[in-house]
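Hi everyone, thanks for coming. I'd like to walk you through one structure today, so let me put it up on the screen.

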Amino acid sequence: MPGLEAVGLVQSYGSRTVISGLTMRADAGVVALLGPNGAGKSTLLKTLATVTPPGGGELRLLGRRITGEKDVREVRKKIGYLPQEFGYHPNFSVYEFVRYCAWLREVPDRKAHEATLRALEQVGLADRRKNRMRELSGGMLRRAGIAQAIVGDVELILLDEPTVGLDPEQRLDFRRLIRTLASTATVVLSTHLVEDVAAVCTCLHVITDGRIVFSGTPAELAANATPDTPGDTPLESGYIWALRSAAVPA
Ligand SMILES: Nc1ncnc2c1ncn2[C@@H]1O[C@H](COP(=O)(O)OP(=O)(O)OP(=O)(O)O)[C@@H](O)[C@H]1O
């Protein structure tokens, strides 16, 4: 069963269409949405996370077609979502924040304590669990955000720019964590960093102007680079090739 399937998805802000007829699916593993600023990655993730209902098209999450509130309530228990900016009470301890998110996801009380500690351990914040949220550094805050996204038995994990603010060592830890999570869940992450994609993703979608212009493996994207496409690595060149190809009308 695919973690998600979107067919002809449309999303707009007022009269401005930002996602225009986008079709994608994500199976088990790590799927990246790679695209430049303003491409529509966050808007797409927000829509996939059921935060905003699509303006058109079909959405199926964890095998369930999303047609209304009842479907949304059901699937949300199994979806973890890290938005680019997430809200939190500054006086909550790190433990309270993640436990509260477990409660929102309807993790049963008898499991919530253990699930919270486990999520904090997975992101390397167990020793900070008594700190107030307002005391965390940017990178720690990001890790607390990842912890709230993975707490409980999530089957679909949607992460918007999860590596922003992480230092190089934390980035490596994060990649290890993502690989572990992907053995039991579908992980979709957005990034504009080609290195993240090369290191962890089994599949990627290059997105620009609200459209997917390439879908395949990192190796397939890299193979598209031509000698005259700029880029420091084959993958970077392949990415630039995909963006430039999209800009040329067929
Ligand atoms: N709340 C909003 N109201 C109006 N327009 C918006 C809103 N949020 C995003 N947009 C516009 O929608 C388009 C897509 O934005 P989005 O944030 O989804 O892109 P992105 O690929 O995530 O970009 P970035 O990498 O910079 O985060 C942009 O043109 C942006 O200006």
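I'll go through the overall chain, then the ligand surroundings, a hairpin and a helix.

Please keep in mind that this is a predicted model. The UniProt record, an unreviewed entry, places the feature "domain: ABC transporter" at residues 4-234. Across that stretch the chain is 35% helix and 27% strand, with the end C-alpha atoms 29 Å apart.

Now to the ligand. Which residues are around the ligand? They are Tyr 13, Val 18, Gly 35, Asn 37, Gly 38, Ala 39, Gly 40, Lys 41, Ser 42, Thr 43 and His 192. By class, this shell has three nonpolar residues, seven polar and one charged. Helix 1, residues 41-48, supplies the largest share of the shell, three residues.

Next, the hairpin. Strand 1 (residues 4-13) and strand 2 (residues 16-26) run antiparallel, and eight bridges join them. To find your way along the pair, look for Gln 11, which stands opposite Ile 19 in strand 2. Two residues lie between the strands of this hairpin, and Gly 14 there takes a positive phi near 60 degrees.

Last stop, helix 3, which covers residues 94-104. Its buried residues are Val 94, Tyr 95, Phe 97, Val 98, Arg 99, Cys 101 and Ala 102. What do the buried residues of helix 3 pack against? Their partners are helix 4 (109-122) and helix 5 (138-150). After helix 3 comes Glu 106, which also has a positive phi, near 65 degrees.

That's my tour, and I'm happy to take questions.

How values were computed. Residues numbered from 1 in each chain as written. Predicted model: local features only at pLDDT ≥ 70, side-chain atom pairs only at ≥ 80, totals over all residues. Near = placed C-beta within 6 Å. Helix = DSSP H or I, 4+ residues; strand = E, 2+ residues; numbered from the N terminus. Nonpolar A, V, L, I, M, F, W, Y, C, P; charged D, E, K, R; others polar. Pairing = 2+ DSSP bridges. Buried ≥ 20, exposed ≤ 12 C-beta atoms within 10 Å, placed from the backbone. Contact = placed C-beta atoms within 7 Å. UniProt positions renumbered as here; feature names shortened; annotations may be inferred.
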